[in-house]
Each structure stands twice: as C-alpha cells, then as structure tokens.
Protein chains: 2
Amino acid sequence: MRAFLIVGNRALTMPFNLNNLTAGRMDVLCRCIAQSLFISHGIRRDVEVYLLLLGEPEPPKAIRVVGSEVKNMAPDERNIAGLLRKALMLGADEWKRSSPGIYIGRKNIKDLLVELSEKYEVVYLREDGENIRDAVKELNNPLFVLGDHLGLSREIERVVLDCAMKIISVSPLSLQADQCIVIVHYELDRIDFRSMLNEAV
Amino acid sequence: MRAFLIVGNRALTMPFNLNNLTAGRMDVLCRCIAQSLFISHGIRRDVEVYLLLLGEPEPPKAIRVVGSEVKNMAPDERNIAGLLRKALMLGADEWKRSSPGIYIGRKNIKDLLVELSEKYEVVYLREDGENIRDAVKELNNPLFVLGDHLGLSREIERVVLDCAMKIISVSPLSLQADQCIVIVHYELDRIDFRSMLNEAV
C-alpha cells in the first residue's frame with residue numbers, strides 16, 4: 001500500500017463553489033487526489049489519500065479517499081471537487097461515507113497520524129530531506145505527508161516530525177505538491193517493476 | 001530549452017464552455033500546460049509548450065505557450081482553459097498572439113515539426129521506448145511529443161517518427177500525459193542539478 005496525506009492550510013470546510021476552485025486552493029487538493037490515484041485509463045487500487053482541511057468555517061476536517069473503492073471519479077479538477085463538495089455536506093465526527101470510497105470525519109493532524117501510524121510508515125516530504133532515489137528502496141507501506149502551496153505550519157510540522165520515520169526530498173527544485181506525488185509514485189514504480197526495466201536497483 | 005508538443009485528438013478548435021472542460025478533453029491539455037510550466041511559486045522560463053488541436057469544428061489548429069513570456073497564468077485547469085479559449089477566439093494562419101506568451105496558428109503536425117525541428121531535437125514519448133533514465137543524459141534542447149488519452153493516430157505517428165531522433169519511455173506503467181511531463185522534467189532536473197544532489201550521473 002501507498003498513502004498520501006496532504007495538508008490544505010486554507011482548504012474550505014464547507015461546500016464550496018465549483019466555479020471558483022482557487023478559493024482555499026481546493027484546486028491544489030483536487031490535483032493531489034488525481035495524481036495519487038490515476039494512471040492512464042485506470043486507478044491505483046493500492047492507494048489511499050487523506051486530506052486535512054484547515055480553512056474556514058469549521059476546521060479541522062479530514063477526508064479519506066480509498067483507491068480500491070472509488071467509482072465514477074475522473075481526473076479533472078471539477079469532477080474531484082464535486083466529490084469533495086458532496087463530502088462536505090455531511091456532518092460527521094468519525095469517518096462517514098459520502099460516496100463510494102470517499103469518507104469525511106472531524107480529525108486534527110494528531111488524530112490522523114495516530115490512526116495512520118498503525119498501518120503506515122510515516123514519511124515527511126520536505127525539501128531538505130534525504131534524496132528519494134536513495135531512500136525509496138527501503139520504504140514499506142509508506143504514508144507521505146506534504147503541505148499544499150503553503151507547506152506545513154510549525155505547529156503541524158512538530159506533530160508530523162514526532163511520527164515520521166524519515167524525511168525525504170523529491171527534487172532539487174521546489175515543486176508543487178501534486179508534482180511531488182507523481183515523482184514518489186514514479187520512483188516506487190521503478191522499484192516494483194525493476195525486472196521489466198532490466199535494472200539493478 | 002525544453003519543449004513539449006501534446007496532440008489533442010479531439011481537442012476543440014472553437015471557444016468552449018469553461019464549465020465542461022472534459023468536452024474534447026481540454027482538461028488533459030490544461031494539465032499538460034500546467035505541468036510543463038509550473039514549479040512551486042514560479043514558472044519555468046526555459047520551457048515552451050505546443051498543443052495540436054484536432055477536434056471539431058475547424059481542425060487542425062496549434063497553440064504555442066512560451067514560458068518566458070506568460071503572465072497572469074495560474075496552474076488550475078480553469079485558468080489555463082480561459083487562456084486557451086481566448087486564443088481560440090482569434091482566427092489566424094501564422095502564429096498570432098492572443099495574450100502574453102500565448103499564440104495560435106493554423107498548423108498541422110508536419111508544419112509544426114518542420115518548424116520545431118530547427119531548434120529542437122524531437123523525442124517521441126512512447127511506452128516501448130528507451131528507458132528515460134538511460135536516455136536523459138544525452139538530450140540537447142529536446143522537444144517531447146506525446147498524445148493525450150488517445151495516444152497518437154497512425155497517420156500522426158508516421159510524421160512524428162520521420163522527425164524523431166529518439167523514442168523514450170518514462171515509466172513501466174502506462175501514465176497520463178501530464179504525469180509523463182512531470183517525470184521528464186524530474187529526470188532532466190536531476191541532471192541539471194546533479195552537483196546539488198551529490199550524485200554521479
């Protein structure tokens with residue numbers, strides 16, 4: 001399994017306007033979900049995506065997207081935003097399903113990481129971390145934690161660092177969150193399919 | 001310089017509805033432009049993107065996006081779609097500017113590749129090509145040609161193969177066009193910044 005947790009610092013916690021996805025930068029989160037789950041003409045069934053929504057009016061809320069369960073999802077921002085919007089119409093403390101494979105709950109970063117640490121090895125994606133090409137060989141069931149365009153606040157970062165087994169960097173450049181996700185998958189795919197590539201890794 | 005040419009097999013050649021970007025799969029082309037040009041909080045100034053639009057009602061048309069000239073572009077699909085829509089309001093045979101860094105012209109694949117071969121080394125991205133990790137070290141001013149969700153038709157592919165210096169594969173899996181672009185940048189960045197990574201490449 002692979003999982004991603006993306007922190008949306010200003011991500012809206014109420015149903016939002018599908019014609020203005022840059023409000024709260026919901027567009028960033030939609031792209032992160034798309035890049036976590038989609039390949040050409042298919043969905044990665046072994047992936048889970050978590051979003052932590054910290055914007056107005058009712059933070060924090062968390063969304064869980066389960067690759068093996070989702071249906072009728074397309075990779076465009078508006079389609080994914082529609083599914084998130086539907087989830088935000090539900091009130092829920094514990095995980096509650098809003099559509100196939102999509103759940104919402106009232107969770108903060110600590111709740112989420114305590115829950116996820118039980119099945120995943122927490123990896124923090126930060127620009128000064130270990131080179132992913134060296135680190136990728138040793139990952140087992142990783143959960144990659146990353147921030148949206150604003151990164152992580154100090155308070156959130158402290159909680160992440162408490163749980164993280166590793167800090168990994170994906171590029172010599174500062175990239176967008178969804179680009180980091182593409183690269184993580186790419187490096188992991190190269191390990192998983194190395195026999196196809198005729199590579200010693 | 002790096003450049004990308006994405007073939008939109010059904011991409012609309014008239015101004016389209018911004019609330020329905022999946023018509024003609026304009027969403028795919030918008031994501032390709034975003035992933036070609038954007039890094040975190042910035043634009044890659046050394047990149048050009050070309051789109052070949054082959055859908056109704058007036059194919060073919062081509063769009064050129066110049067990283068060093070674009071202004072007021074954001075990475076969300078709707079913003080980029082708005083700029084493409086504006087370009088499609090212009091009628092033009094030769095390249096004509098519709099907004100900063102965005103040009104439209106009436107060109108087919110052969111016109112485009114003859115023009116672009118003068119300044120770029122044409123590379124065709126196809127799943128059975130050479131492993132990018134081996135091939136990346138030898139690229140100079142590459143123009144990467146790739147198809148949208150439908151790939152390339154035989155007719156188009158024949159023209160591309162006539163001009164291509166190399167055929168390269170970016171992943172053991174079949175990926176979406178925009179994901180291929182992220183990976184191409186990533187591998188090239190690792191070469192360009194190898195001293196920062198302390199790597200022998």
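**The interface and the sheet**

Guide: Chain B and chain A bury about 3500 Å² between them, 53% of it from carbon and sulfur atoms, where buried area is the accessible area (1.4 Å probe) that two parts lose on being put together, summed over both. Within chain B, the residues that lose the most area to chain A are Arg133(B), Pro172(B) and Tyr186(B), together 18% of what that side buries. This is a predicted model, in which local features need pLDDT of at least 70, side-chain atom pairs count only at pLDDT 80 or more, and totals for chains, interfaces and linings use all residues. Residues are numbered from 1 along each chain as its sequence is written, chains are lettered from A and ligands numbered from 1 in the order in which they are written, and side-chain values use heavy atoms, with hydrogens and water left out.

Visitor: How many salt bridges are there across the interface?

Guide: The rule, a side-chain nitrogen of Lys or Arg within 4 Å of a carboxyl oxygen of Asp or Glu, finds two between chain B and chain A. Arg133(A) bridges to Glu187(B), with the closest N and O atoms 3.0 Å apart.

Visitor: Switching to the fold, what is the strand order in the chain B sheet?

Guide: The open sheet has eight strands in the order E6-E7-E5-E4-E1-E9-E8-E10, with mixed pairing; strands (E, at least two residues) are DSSP runs, numbered from the N terminus, and two of them pair if DSSP finds at least two bridges between them.

Visitor: And which strands are at the edges?

Guide: Strand E6 (96-99) and strand E10 (166-169) of chain B, each pairing on one side only.

Terms used: Helix = DSSP H or I, 4+ residues; strand = E, 2+ residues; numbered from the N terminus.
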